[in-house]
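Biologist: Could you put the model up, so that we can go through a few of its strands together?

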Amino acid sequence: MIPWFGNVLVLSSVTLVESEHVRFMERNIPMRTQRLFGILALAFTLGLVAAACADDDATTTTQVATTTTTTAAPAEEMVESMDIVDTAIAAGTFETLAAALTAADLVDTLKGEGPYTVFAPTDDAFAALPEGTLDGLLADIPALSDILLYHVVAGAVDAETVVGLDSATTVQGSDITIEVVDGGVVLNGVTMVVTTDIQASNGIIHVIDGVLLP
């Protein structure tokens, strides 16, 4: 039976053999050759390290490429502009105008391709009409249609164009007079344009503070 220190004996023997091998190499192989072996061994080791690094880089590149292949669609491509009628309804201040367009059966017209420019009276503008005027118009659809179409101009006429005009012919057939007073646009001498260039898919809305009468 080998005593507990047998492993130490074996290791000592191996170490002795290796030492003898080294001394043999030193005695029998020229120093230049030994250096060449050392250089080759170093080059081989560096080659293994470089190959390992290259594999890591390739893996990283593949992972990056994989994570960048999916892109989100631009938000503007997923949202479509509303038409003139829907834009007016969404604003929340043109409920009377929307009701009048429905009564006059003009909703589909202003939802059409256009383009149109609408001078849109607010709810407050309709409320400022003499008492009984709006009810009388709702009872007289042809007259109501004439007044509503008198607020519509064919084509997309933005504010920059409006200020250069003296008048504009409406879809109803009559003209609206236009003038610039103290930097603001006044229609028919009394009605102010209070907000301009509200864009819709089929035209432009300019908000006015009064109801235009032909």
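Modeller: Two strands are said to pair if DSSP finds at least two bridges between them, and strands (E, at least two residues) are themselves DSSP runs, numbered from the N terminus. The model is predicted, so local features need pLDDT of at least 70 and side-chain atom pairs count only at pLDDT 80 or more, while totals for chains, interfaces and linings use all residues. Residues are numbered from 1 along each chain as its sequence is written, and side-chain values use heavy atoms, with hydrogens and water left out.

Biologist: OK, which residue in E4 is the bridge partner of alanine 168?

Modeller: The partner is isoleucine 176; strands E3 (residues 167-169) and E4 (residues 175-181) run antiparallel and are joined by three bridges. Five residues lie between these strands in their hairpin, where glycine 173 takes a positive phi near 115 degrees.

Biologist: And how many bridges do E4 and E5 have?

Modeller: E4 and E5 pair over four bridges, in the antiparallel sense, and they form a hairpin with two residues between them, in whose turn aspartate 182 has a positive phi of about 50 degrees. Valine 180 stands opposite valine 185 of E5.

Biologist: Switching to valine 185, why does it count as buried?

Modeller: Valine 185, which sits in strand E5 (residues 184-187), counts as buried because its relative accessibility is 11%, where buried means under 20% relative accessible area with a 1.4 Å probe and protein chains only.

Biologist: What does valine 185 touch, leaving out residues up to four places away in sequence?

Modeller: With contact meaning heavy atoms within 4.5 Å, valine 185 touches Val162, Val163, Ile178, Glu179, Thr191, Met192 and Val193. Valine 162 is 23 residues from valine 185 in sequence, and their C-alpha atoms are 8.2 Å apart.

How values were computed: Buried < 20%, exposed > 50% of the residue type's maximum accessible area, 1.4 Å probe, protein only.
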